[in-house]
Amino acid sequence: MEPPKTTLAQHVRTHSVRLSESTLRRKNRFEQFLAGMADGVLFTGRVIANIFGRGFEFKEFFRHCFEVGNRSLGLISVTGIVVGLVLTIQSRPVLVDFGAVTMLPGMVAVSMIREMGPVMIALICAGKIGSSMGAEIGSMRVTEQIDAMEVSSTNPIRFLVVPRVLAITLMLPLLVLYADALGIMASWAGANIKSDASFVLFMNQAFGQLAFSDLLPAFIKTFFFGAVIGLVGCYKGYNAGRGTESVGRAANSAVVLSSLLVIIVDLIAVQLTDVI
């Protein structure tokens with residue numbers, strides 16, 4: 001038995017309303033995405049303008065440099081050692097089968113310096129330093145400390161954001177170099193598990209495969225990794241909501257977005273290096 005026309009019309013009307021609501025939700029999400037991108041660009045512009053402005057907070061900058069390095073040194077040491085050992089232990093049997101075990105030091109060194117070291121350490125710092133920046137500045141926003149600074153004619157961007165962004169931007173390359181050195185030495189230790197490799201010979205073979213074109217692009221892109229982590233962490237904390245739950249959301253979103261942007265920046269850097 002066919003349903004009455006009124007019932008069919010109501011069904012069509014209800015379905016149309018659902019489609020309209022879904023379209024509006026997608027439209028609102030897209031508008032929020034564009035607004036967030038524009039706000040992030042403006043925030044970045046304000047940070048850059050305050051870097052070159054008067055009244056730079058050198059004391060805060062050096063304090064955050066120490067905190068970034070000291071807070072991450074242990075975890076980065078473990079990460080560098082583990083990555084070097086894993087690369088060596090996993091690659092050695094394959095190279096032995098092909099009779100190319102002498103290529104192991106150079107392969108590990110190139111892998112660590114060009115890609116594994118910068119990306120792994122940047123992701124570690126995004127999870128540890130980026131979330132910390134988002135939580136610290138977010139808690140200041142929730143407790144109205146930032147509002148109090150603005151009322152008292154203190155520039156919160158210059159005092160809170162600029163020292164943190166510059167600290168992670170300048171410290172991340174040093175941390176990456178430190179992790180690369182530990183990874184290569186751990187690779188020598190891993191190679192000695194099933195053989196007797198001379199330290200001097202191993203290092204000569206490792207650095208013999210490296211060129212200046214391997215080190216320079218990898219070193220330069222770590223500055224961009226650090227800038228991305230610092231800007232995202234501070235932006236999420238600076239624009240946190242008023243509730244206490246917003247601090248956790250700011251820290252979480254800072255980790256997710258900064259990790260994603262690190263991978264995107266690395267992809268762009270690899271493409272540019274290949275073209276050049």
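The lining of the second largest pocket splits into nine nonpolar residues, two polar and one charged (nonpolar being Ala, Val, Leu, Ile, Met, Phe, Trp, Tyr, Cys and Pro, charged being Asp, Glu, Lys and Arg, and polar being the others, Gly among them). The model is a predicted one, with local features needing pLDDT of at least 70 and side-chain atom pairs pLDDT 80 or more, while totals for chains, interfaces and linings use all residues. Residue numbers start from 1 along each chain as its sequence is written, and side-chain values use heavy atoms, with hydrogens and water left out.

The volume of the second largest pocket comes to about 320 Å³. Twelve residues line this pocket, and P217, I220, A269, L272 and T273 are the closest to its centre. A pocket here is an open set of points on a 1 Å grid over the protein atoms alone, where a 1.4 Å probe fits, with protein on both sides within 12 Å along at least five of seven lines; lining residues have an atom within 4 Å of a point. Points are joined across faces, edges and corners, and the volume is the space filled by probe spheres set on them. Helix α7 gives the largest share of this lining, six residues, and α7 and α8 each supply at least two. Helices are DSSP runs (H or I, at least four residues), numbered from the N terminus.

Then there is the largest pocket, with about 520 Å³ of space. Its lining has 17 residues, of which G36, M37, G40, L257 and L261 are the closest to the centre. Two or more residues come from each of α1 (5-51), α7 (212-238) and α8 (245-275), and α1 has the largest share with nine. By class, the count is eleven nonpolar, four polar and two charged.

On to the aromatics: the structure holds five aromatic pairs (Phe, Tyr or six-membered Trp rings with centres within 6.5 Å; stacked if the planes are under 30 degrees apart, edge-to-face if over 60, tilted otherwise). The F43 and Y238 rings have centres 5.7 Å apart and planes at 45°, so this pair is tilted. F43 sits in α1 and Y238 in α7, 195 residues apart.

R141 belongs to helix α3 (residues 104-142) and counts as buried because its relative accessibility is 9%. Beyond four places in sequence, R141 is in contact (heavy atoms within 4.5 Å) with I146, D147, E150, G237, Y238, A240, G241 and R242.

Definitions and conventions: Buried < 20%, exposed > 50% of the residue type's maximum accessible area, 1.4 Å probe, protein only.
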